[in-house]
Structures are given as C-alpha cells and as structure tokens.
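Q: Could we go through this structure together? I would like to begin with its pockets.

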Amino acid sequence: MKRILLILTLLLPPLLWGQNKKKITVLDYLEINTLAYYEEEKEYETLKTDTILFKYNKQGTLYFIDINKEIALPLTFNEHHQLIAIDSTITLSYKDDLLHQTKVSSSDFDNRKTERIAYTYNNERLLSLIEFTYYTSRIQEPFISVYKYEYDEKKRIIATTHLSDTERNKKNIINKKTVFTYDNARNGFESIPFFSTNIIVGSDELNLLMFTNYKLSNNITSITNNQEVTKIDYTYDKNNLPKTAFMYPATKEFDESTFYTKYIYHYKEIEIIE
C-alpha cells in the first residue's frame with residue numbers, strides 16, 4: 001500500500017503542473033422584464049419575463065446559451081479560441097485573427113434565406129464598416145445595408161451612420177446617424193467572449209456587432225437617433241458591475257400606457273483552470 005501511495009505521489013504533481021486555479025465572476029443569467037406603466041394608476045405591470053442563461057466550461061469560456069429553456073444555442077470554438085459556429089445555422093470565418101464574415105442560414109418551407117455580414121477594420125483593428133446582405137431563393141436580387149462606425153479615445157463606439165440601402169439594384173443613400181453615451185462602470189457582459197451589449201440595446205447597428213470580438217468596456221446610457229433619445233439607467237453592485245438596467249422608450253407605443261424594459265443581471269463566481 002505504501003509503495004502505491006508513493007508512486008501516486010510521484011505521478012500526480014506532473015499532471016497538475018501548469019494548472020493554476022483561480023476564481024472569476026461571470027454573468028450567470030439575465031432576466032428581461034417587459035413592463036407597462038399606466039398613467040392613471042401610477043403603477044407598473046409585468047407583461048412578460050424572459051431569461052437568458054450562460055454556461056461556462058472549466059476554463060471559464062462560454063460554451064452554451066439557453067433562452068427561456070426553449071432555445072438552446074451551443075457554441076463551437078476552434079483551436080485559436082475563436083467562435084466558428086452557433087447552433088447549426090450560424091457560421092463565422094476569420095482573416096488575420098479578426099472576424100471576416102458571418103453567415104446565417106434558415107429556411108421557410110421551400111424558401112431558403114441567407115444573411116451575410118462582412119466586416120472592414122481600420123488601422124487600429126476596430127470595425128469601421130459593416131455590410132449586411134440578405135437574399136432568398138425566391139428573390140435573387142439581394143438587399144444590402146451599409147453602416148459606418150466611429151470611436152472615442154477609449155475605443156467605445158460613439159456614433160454609427162447608416163450609409164445606404166440597396167434593394168432590387170436601386171441604391172438609396174440614407175446617412176442616418178446614431179449617437180451613444182456611456183457610464184464609467186464595468187460592462188455587465190465582460191465575461192462573454194463576443195459582443196453582447198445589443199441584448200440590452202437592440203439597434204440594427206449594434207445587432208450587426210453580435211459575435212464579433214469587439215467588446216465595450218462600459219455600459220451604454222443613451223442612444224440618440226433622429227432627435228429621439230432612448231435612455232438607460234443602471235444600478236451597480238460593490239464590484240461596479242450593473243445590477244439592473246431600466247430602459248426608457250424614445251416614444252410611447254400607445255396613448256394609455258408606456259412600455260419599459262427592466263434587465264436584472266445575475267452573476268456567479270466560478271473556479272477556472274488556467
């Protein structure tokens with residue numbers, strides 16, 4: 001018995017060499033509440049609650065997303081830790097270690113639909129231009145949208161410009177600008193290995209950033225578009241991470257009530273092996 005224990009003692013240390021353990025804080029799940037505010041009663045009513053759950057492996061890498069326990073999104077990474085597939089419908093390709101193209105495929109009966117997102121970067125390897133193309137097997141002429149991105153000294157997106165739309169080979173110049181402001185707190189999605197802020201602020205410009213390796217260091221507090229301002233108020237925990245985000249709509253959807261969205265961040269501490 002002593003001999004066996006001695007052998008195990010000699011063998012185990014090499015197996016554990018290079019395996020440092022540490023604890024990190026990750027976003028466990030996000031609770032999304034759609035609220036109606038009734039002016040007469042001066043009260044809120046919760047109309048709907050959605051939950052997005054994030055699962056991590058022993059290295060602390062996100063590998064699975066679950067939405068309302070109804071939609072499962074397994075994530076596939078390559079040997080360079082780059083996301084290359086989500087489920088079986090989204091594929092991503094890289095060039096010079098930067099996301100080059102995202103392709104989304106779906107079908108509706110006999111109509112195959114394809115979305116392609118192509119990315120252009122500036123000298124600082126930040127996204128400068130995104131081209132979104134959509135076409136179907138029934139409509140051969142694609143719909144194309146082009147967006148431009150601008151940054152501040154902290155490499156945060158401060159403005160986007162919807163440059164143009166092309167439909168049925170007719171180009172429409174738009175030049176519609178959207179401006180963003182930020183807090184100075186940590187971003188609640190910092191444990192997610194790709195851009196995810198569009199879950200909170202779901203504009204077309206930000207949705208196109210989903211799954212890129214661009215990550216915001218702070219949280220968006222306002223979006224100004226065509227003189228309409230959407231505001232987001234946050235509360236924070238002791239680690240300067242957002243606990244809640246309350247989004248005020250730019251316009252009322254109905255005269256008798258106004259709809260809001262309240263996000264609740266739930267974090268957890270996990271032990272990872274480096």
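**Pockets, core and strands**

A: The lining of the second largest pocket is made up of 6 nonpolar, 5 polar and 2 charged residues. Here Ala, Val, Leu, Ile, Met, Phe, Trp, Tyr, Cys and Pro count as nonpolar, Asp, Glu, Lys and Arg as charged, and the others, Gly among them, as polar. This is a predicted model, in which local features need pLDDT of at least 70, side-chain atom pairs count only at pLDDT 80 or more, and totals for chains, interfaces and linings use all residues. Residues are numbered from 1 along each chain as its sequence is written, and side-chain values use heavy atoms, with hydrogens and water left out.

Q: Which residues are closest to the centre of the second largest pocket?
A: Val201, Gly202, Ser203, Ile223 and Thr230 are the closest, out of 13 lining residues. A pocket is an open set of points on a 1 Å grid over the protein atoms alone, where a 1.4 Å probe fits, with protein on both sides within 12 Å along at least five of seven lines; lining residues have an atom within 4 Å of a point.

Q: And how much space lies in the largest pocket?
A: About 590 Å³, a volume being the space filled by probe spheres set on the grid points, which are joined across faces, edges and corners. Asn198, Asn207, Leu208, Met210 and Phe211 are the closest to its centre among 24 lining residues. That lining divides into 15 nonpolar, 7 polar and 2 charged residues.

Q: Met210 and Phe211 came up there; what does Phe194 contact?
A: Leaving aside neighbours within four places in sequence, Phe194 has contacts (heavy atoms within 4.5 Å) with Met210 and Phe211, and its other partners include Leu62, Ile65 and Tyr214. Phe194 is also among the residues with the most contacts inside the largest nonpolar core, which has 53 residues. Such a core is a set of buried Ala, Val, Leu, Ile, Met, Phe, Trp, Tyr and Cys residues joined through side-chain atoms within 4.5 Å.

Q: Changing topic: how many residues of strand E15 are buried?
A: In E15 (residues 242-248), 5 of 7 are buried, that is, under 20% relative accessible area with a 1.4 Å probe, protein chains only. Strands are DSSP runs of at least two residues (E), numbered from the N terminus.

Q: Which way does E14 run against E15?
A: E14 (residues 228-236) and E15 are antiparallel and joined by 6 bridges; pairing requires at least two DSSP bridges. Tyr234 stands opposite Ala245 in E15.

Definitions and conventions
Buried means under 20% relative accessible area, exposed over 50%, partly exposed in between (1.4 Å probe, protein chains only). Helices (H or I, at least four residues) and strands (E, at least two) are DSSP runs, numbered from the N terminus.
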